[in-house]
Every structure is written in structure tokens, then in C-alpha cells.
Amino acid sequence: MLLLGVILAIVLARTLGPDARGTLAIIILSINLTSVVFEMGLPEASIYVLGKNLDEKSSSIQKLFTFSCIIAILSIPIVGLFLYFFSSFAQNLDIFIVLAISSSISISYARHILLGLDEFFSYSLNILIEASIYLFLITLLYFFYLDYFTRDNIVGAYTIAVIFSQLAAWMSVRRKIKS
């Protein structure tokens, strides 16, 4: 998997060129940094709360899930308006960025809950799911839809990977609560 990632980085650099590859790196970094700002450190605090059994686990998880949904939903208009007024990207790229940020916020909560529940395997598997989907979609674009191998579509592939990984993470949390 690591070797595939290295090969993919080389392919991205060669195919997109320095300008588009640099912009792609800034976009992905901005998505992750913006989601960290919106999270306000609460996913990390959830590990402590769940680990110390300060509250009933199902109640804590329900509160964290609700809060993560609220923060993710509130991030959509805030980031959307910011991009509308301050970005020169195409509208579809703006939509991908907004969805990736809101999904990244939610996935961070889910993954930290998994860590708080000592579900290290589920946590690691979820990261692997996200990376695998992302690599698969980029490979698919490169080998079968080379005309669509653009910065915007690669951000779209990243967004799809984060959304599917988010769903898988919350399903793992739900499964852990039921067991």
C-alpha cells in the first residue's frame, strides 16, 4: 500500500504538472486544517471521556455523534460562503471542498470514539479503507478516464473516499455500541 502511494505521488506530479499538483496539495492540506479548526479539540477529548468512564458510554457517544453532526452541518454554509467570496475555483471544486471538510469533521469524531473504545483495529481499518478508496479512484481515473484526470476530479475522489470512510467509521461505532 505504501509503495502504491509513492508511485501515485510520482504519477500525480508527472501528470498534473507542478502548478496543479501544488494546488492539489494546498487544497488537501486546507481541508484537513479547516476540519481541525472546526473540531475544536473535542474529538481528542472524547478519548479521555470514554477512557475514564466519566459518563455512560452510549450516552457519551450519542452526545458526541450529535455534536459532530451539528458542527459538520454548520461548517457547510461557513466554508461555502468563504469559498464563494474568496476562491477562484470552479463551483464543483468548491462543493467537493465543502463536503470533504464536513465529512472530515465527522470522521474525526468517529475515529476518536473508536480509539476511546479501545477499537484500535477498527480505527486502523478505517484509515486503510479511506486510503484504499482514494487510491482506487485515482487509479481508475488515470487508467480509464485520463481526460478526467484533473485536480478537481482528484479532489472529488478524495471527497468520495472521506465520505465512504466516514460511513464505515460510524458503522463501526454503532456495531461496538450494540455489542
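Which residues do ring pairs link into a cluster? Ring pairs join Tyr142, Phe143 and Phe149 into one, where rings of Phe, Tyr and Trp (its six-membered ring) pair if their centres lie within 6.5 Å.

## Basis of the model

This is a predicted model, in which local features need pLDDT of at least 70 and side-chain atom pairs count only at pLDDT 80 or more, while totals for chains, interfaces and linings use all residues. Residues are numbered from 1 along each chain as its sequence is written, and side-chain values use heavy atoms, with hydrogens and water left out.

## Aromatic pairs

The structure holds eight aromatic pairs; planes under 30 degrees apart count as stacked, over 60 as edge-to-face and the rest as tilted. The rings of Phe67 and Tyr109 have centres 6.3 Å apart and planes at 70 degrees, so this pair is edge-to-face. The pair links distant parts of the chain, since Phe67 lies in helix H3 (residues 57-86) and Tyr109 in helix H4 (residues 91-116), 42 residues apart; helices (H or I, at least four residues) are DSSP runs, numbered from the N terminus. Phe67 is partly exposed, with a relative accessible area of 29%, whereas Tyr109 is buried at 0%; buried means under 20% relative accessible area, exposed over 50%, and partly exposed in between (1.4 Å probe, protein chains only).

The rings of Tyr142 and Phe149 are also edge-to-face, because their centres are 5.4 Å apart and their planes stand at 75 degrees. Tyr142 is partly exposed at 29% relative accessibility, while Phe149 is buried at 6%.

## The largest nonpolar core

A nonpolar core is a set of buried Ala, Val, Leu, Ile, Met, Phe, Trp, Tyr and Cys residues joined through side-chain atoms within 4.5 Å. The largest such core has 43 residues, of which Ile97, Ile113 and Ile154 touch the most other members. At least two residues of this core come from each of helix H1 (2-39), H3, H4, helix H5 (120-144) and helix H6 (151-178), and the largest share, 11 residues, comes from H4.

Leaving aside neighbours within four places in sequence, Ile97 is in contact (heavy atoms within 4.5 Å) with Ile27, Ile31, Leu83, Phe89 and Val155.

## Two loop residues with positive phi

Most residues other than glycine have a negative phi. Met40, although not a glycine, has a positive phi of about 60 degrees; Met40 is found in the loop between H1 and helix H2 (42-52) and is exposed, at 52% relative accessibility.

Asp118, which is not a glycine either, has a positive phi of about 60 degrees. Asp118 is found in the loop between H4 and H5, and with a relative accessible area of 55% Asp118 is exposed.
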